[in-house]
Amino acid sequence: MSKEIVKYLYFNLSGVFNSKNPMVDLTDISGTNCYCDDVAGSEICRRIDALPEIPPVRFIDSGNYHYMSLFFMRKITVPFTLLLLDNHPDTKLPVFGNITSCGGWVREASETIPNMKQVIMAGVDSDLIEEESPLPERAISVWLSDLPAIFSRLETPLYISLDKDIMNPEYARTDWTQGPYTLEDIISILKTAYSLCDVIGLDICGEKKEDPTDEDLLINDQTNQKLLEICE
């Protein structure tokens with residue numbers, strides 16, 4: 001990556017972003033798929049720290065690597081609120097030890113990042129919320145329609161982590177079960193967030209890692225571009 005100022009950056013962990021630019025290549029790091037072991041996590045953080053800057057918008061590959069948001073949030077030095085737009089709550093307890101995972105990174109963030117004052121989960125499958133209850137103490141689950149009122153009362157900067165699996169397959173092709181929302185639903189929320197809040201970061205994951213077709217790649221690229229246009 002050059003030292004020129006960038007507004008967005010692709011973080012390539014699975015190879016799905018091999019042709020993207022500007023891109024940080026992390027495909028040589030083992031121990032990252034779904035679970036991120038300590039060695040891999042340390043190396044990823046070292047490479048993040050070595051960047052000349054971290055742009056406000058990051059594309060972070062498949063949902064298997066959604067835990068990348070955890071690494072970026074650890075660098076925030078002011079109180080903030082996390083908005084999770086995802087079909088899954090990502091609050092599972094660790095399967096073994098305290099290993100970081102794509103399915104439990106939100107719970108880990110709530111327990112280890114003092115500056116994260118609240119987690120607002122929006123659009124998450126209600127059955128999955130019930131399965132992973134009780135949620136972390138600072139987490140609440142709301143409907144997308146609740147967000148404008150919440151944004152208007154928010155007193156901290158807002159950090160958004162978006163998994164495209166919140167959308168139906170017409171707008172995103174992912175490796176996980178998907179929600180019912182449209183791209184316009186998500187664009188509306190992002191526009192409202194940027195107009196009412198101090199948005200300090202946006203992570204976007206949900207690429208299709210497992211055997212994507214040309215159609216899968218095209219749909220995801222088109223959605224990524226439309227999301228990027230809103231941020232710019």
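In the predicted model, strand S1 and strand S4 (residues 57-59) pair in the parallel sense over three bridges. Within this pairing, the bridge partner of tyrosine 8 in S4 is valine 57. S1 is also joined to S2 by three bridges, and these two strands likewise run parallel. Here tyrosine 10 has methionine 23 of S2 as its bridge partner. Strand S1 is mostly covered, with four of its five residues buried.

Salt bridges were examined next. The structure holds 12 salt bridges. In one of them, the side chains of aspartate 221 and lysine 20 meet with an N to O distance of 3.2 Å. Aspartate 221 belongs to helix H7 (residues 214-231), whereas lysine 20 sits in the loop between strand S1 (8-12) and strand S2 (23-25), so this pair ties together parts that are 201 residues apart in sequence. Aspartate 221 has a relative accessible area of 31% and is therefore partly exposed.

Arginine 173 forms a salt bridge with glutamate 215, and the closest N and O atoms of the two are 3.2 Å apart. Since arginine 173 is located in the loop between strand S9 (158-163) and helix H6 (183-196) and glutamate 215 in helix H7, the pair ties together parts that are 42 residues apart in sequence. Glutamate 215 is partly exposed, at a relative accessible area of 48%. Arginine 173 forms a salt bridge with aspartate 216 as well, the closest N and O atoms being 2.8 Å apart. This pair links distant parts of the chain, with aspartate 216 in helix H7 and arginine 173 in the loop between S9 and H6, 43 residues apart. Both aspartate 216 and arginine 173 are buried.

The largest pocket contains about 320 Å³ of space. Its lining comprises 20 residues, and Asp90, Lys92, Cys102, Gly103 and Trp176 are those that lie nearest the centre of the pocket. By residue class, the lining of the largest pocket divides into eight nonpolar, six polar and six charged residues. The second largest pocket has a volume of about 160 Å³. This second pocket is lined by Ile54, Pro55, Pro56, Arg58, Phe72, Lys75, Ile76, Tyr159 and Ile200. Seven of these lining residues are nonpolar and two are charged, while no polar residue is included.

Serine 133 lies in the loop between helix H4 (126-131) and strand S8 (139-142). At 41% relative accessibility, serine 133 is partly exposed. A polar atom of the serine 133 side chain lies 2.7 Å from the backbone oxygen of isoleucine 129. The C-alpha atom of serine 133 is separated by 9.0 Å from that of lysine 92, a residue 41 positions away along the chain. Lysine 92 is also one of the residues nearest the centre of the largest pocket.

Definitions and conventions. Residues are numbered from 1 along each chain as its sequence is written. This is a predicted model: local features need pLDDT of at least 70, side-chain atom pairs count only at pLDDT 80 or more; totals for chains, interfaces and linings use all residues. Side-chain values use heavy atoms; hydrogens and water are left out. A salt bridge is a side-chain nitrogen of Lys or Arg within 4 Å of a carboxyl oxygen of Asp or Glu. Buried means under 20% relative accessible area, exposed over 50%, partly exposed in between (1.4 Å probe, protein chains only). On a 1 Å grid over the protein atoms alone, a cavity is a set of points where a 1.4 Å probe fits but cannot get out, and a pocket is an open set with protein on both sides within 12 Å along at least five of seven lines; lining residues have an atom within 4 Å of a point. Grid points are joined across faces, edges and corners, and a volume is the space filled by probe spheres set on the points. Ala, Val, Leu, Ile, Met, Phe, Trp, Tyr, Cys and Pro count as nonpolar, Asp, Glu, Lys and Arg as charged, and the others, Gly among them, as polar. A polar contact is a pair of N or O atoms within 3.5 Å; within protein, one must be able to donate a hydrogen and the other to accept it, and residues adjacent in sequence count only if both atoms are side-chain atoms. Two strands pair if DSSP finds at least two bridges between them.
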